[in-house]
Amino acid sequence: HINQQKNKYFIMKRLNLSFGEPKKYDPNFKGPIQNRGCTDIVCCILFIIAILGYIAVGILAWSQGDPRKVIYPTDSQGQFCGQAGTPLANKPLLFYFNIMKCASPMVLLEFQCPTTQMCVEKCPETFMTLVKAYSNKKDFDHYKTFCKEGGIPKILSLGLCPAMLIPSKPFTRRCFPALGKTGGVVTVGNNSHFDDGRGNMRDAKDLVDGVKNATVVIEARQAVMKIFEDYTQSWYWILIGLVIAMLTSLLFIVLLRFLAGIMVWVMVVMVILVIGYGIFHCYMEYAALKGEAGANVTFQELGFQTDFTIYLQIRQTWLAFMIILAIVEVIIILLLIFLRKRILIAIALIKEASRAIGHVMSSLFYPLFTFLLLAMVIAYWAVTAVFLSTSNEPIYKVFNETECDHSRKTCEPANYSTSAEKVQCPDSECLFAFYGGETAYHKYLIGLQFYNVFLFFWCANFVTALGQMTLAGAFASYYWAVVKPDDMPAFPVFSSLGRSLRYHTGTLAFGSLILSIIQIIRVFLEYLDHKLKGAQNKFTKFLLCCMKCCFWCLEKCIKFINRNAYIMVAIYGKNFCSSAKDAFLLLMRNMIRVAILDKVTDFLLFLGKLLIVGLVGIFAFFFFSGRVKAFENTAPNLHYYWVPILTVAVGSYLIAHGFFSVYAMCVDTLFLCFCEDLERNDGSAARPYYMSSTLREILWKTAPEDPSARQQDDGDVLLKQPQSQEEEAA
């Protein structure tokens, strides 16, 4: 037996040496180091410079941008239709003089129909030509409302009036012909033919191409505008849903503090029930659509639709939802079955974390501070992005029906009537084409957008890292306190936050920078894949897929290393690289415990997040979809009711993640402190353990169930023997 212990000792000593020397006993170590210096100063300076540059970019964007370009349609003079406080405030709709010109290929190149466009109060409702308008005063007055200032001309070539009016309907604040079908024949205003105003009879189907091309120009914008309008109609209900998610998360955390074991099993059972209800609901929708007209259409046959509610009217959508939820349900049940023993251990670990949180109750509210900072970062990024994208200048070009050497060239509308181009091409017009610019600022707009995205990632990761280091310092002060809570700081969270900002801003910026570089590379790969779609061969697809997979794995690894590095920085005050190395080696010396206990705890906390998202998501679904009659008159009238539902679901997950991250950070901090405690101390009167007896029972006495873990523990004990015993054993 003695020889076996000797062999185990030497094997474990060599194994530990391969992952670095274990921590030595230090009688002066009493938890997080108070006397520390600034770390990673160079990266701190770089981060401050980057933030100052970010502020400069924001100021430049706000001074040059104009969000009205996104909100309002623009007429041929570059004026906004329907903007309050302008002469066009009562004219919210854009009218095309000749919609058939939108069938020109130049529409797709210049994103503007080569015809005069003007703001009108309402769209034309009947067929009418200029010749017909002269014969009736009422028609004459109606026709004048669709002419430019200057009255009714007798010569149409002056371009002040449209040659004809076509019955139209407003769509995305623009007037499009009211097309329909009667007996398989395309009609407009119930007529299959119409007079084009020049004595020619045209088929209604001639308008189809023009309407299609005009729709292509605004197809992306119309979906965005509908979503934007839905947000304006439902933002306060979304906020109420997010507040409900916050209160639910806080309630779960408080109950977890006092009823950890019961609440964990309640979460497990309710997650299974919520997902089960989702499967049942999808099946009922799938069965209800049986026999409905058009319900058996496949995704491939349907194609891409900007009206996403169409997808909810086909059976294949609900079948896909049902299969996905069923797979998730089976995976969770199997994991619960195979990890049932480890779950009992993880529950005990969560109980211990609850005791720590009980002594640091202010940590429960720290996610609100993190959420506020992240909201500021997201808002600054979004506003800057909008202003940058709308900081172009209006570009005017020459449009002409006949042959003209100056056609499609840039022009100035103010003095175009007296210009040489107008003399050479009398029937030409200088019309608004698009927003652009040729200055140095406009040429580097894409670079400024890239900088905006990169700083968004960097700042968001910095805020997250600050929260992790702050909580790690607070919980480490709890663990290393001999008498709890007497030996703890009066305000552990504020003390840790102050240390992190005062000494380790550079370290936080360094870790966040590494993670941000990887994330921006992933964004670039997604952008590249989107741009090359359809033009890439199989090898390119394979290469891009491999790169995206590799960088996804790398991002997960960096997040894991950063998280544990911040814990070591919070305790010892070293720089990022040294702390990351120490944390990695410490985890490698305790890899069995990491794999078995720490990740099972993360899985249980993840189920808690799913439960909150499921409960709030179901409530949002029944409210916004109008399925419950009690809310039928209360719910807002929306284009896409899934927009607020999806927003509430994603927001609920982020809020739940923020609250449960307190428990996750507490567990990770206690785990690393426990591993260090085992290496520093031996449980004797001279070197007592700082861990509680409960935590020692959880993480030590249960570990020998695994043979390798038993060897690890034996090695830990032997490594703590005095030097004289070591020499004697040798």
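User: Is glutamine 83 buried or exposed?

Analyst: Buried means under 20% relative accessible area, exposed over 50%, and partly exposed in between, with a 1.4 Å probe and protein chains only. Glutamine 83 has a relative accessible area of 13% and is therefore buried. The model is predicted, so local features need pLDDT of at least 70, side-chain atom pairs count only at pLDDT 80 or more, and totals for chains, interfaces and linings use all residues. Residues are numbered from 1 along each chain as its sequence is written, and side-chain values use heavy atoms, with hydrogens and water left out.

User: Where is glutamine 83 placed, and which residues is glutamine 83 in contact with, leaving aside neighbours within four places in sequence?

Analyst: Helices (H or I, at least four residues) and strands (E, at least two) are DSSP runs, numbered from the N terminus. Glutamine 83 sits in the loop between helix 3 (68–71) and strand 1. Contact means heavy atoms within 4.5 Å. With those sequence neighbours set aside, glutamine 83 contacts Arg68, Tyr72, Leu88 and Ala89.

User: How many bridges join strand 1 to strand 2?

Analyst: Two strands pair if DSSP finds at least two bridges between them. Here, four bridges join strand 1 (residues 93–96) to strand 2, and the strands run antiparallel. Leucine 94 has cysteine 119 in strand 2 as its bridge partner.

User: Which way do the residues of strand 2 point?

Analyst: Gln117 and Cys119 point one way from strand 2 (residues 117–120), Met118 and Val120 point the other way, and all are buried.
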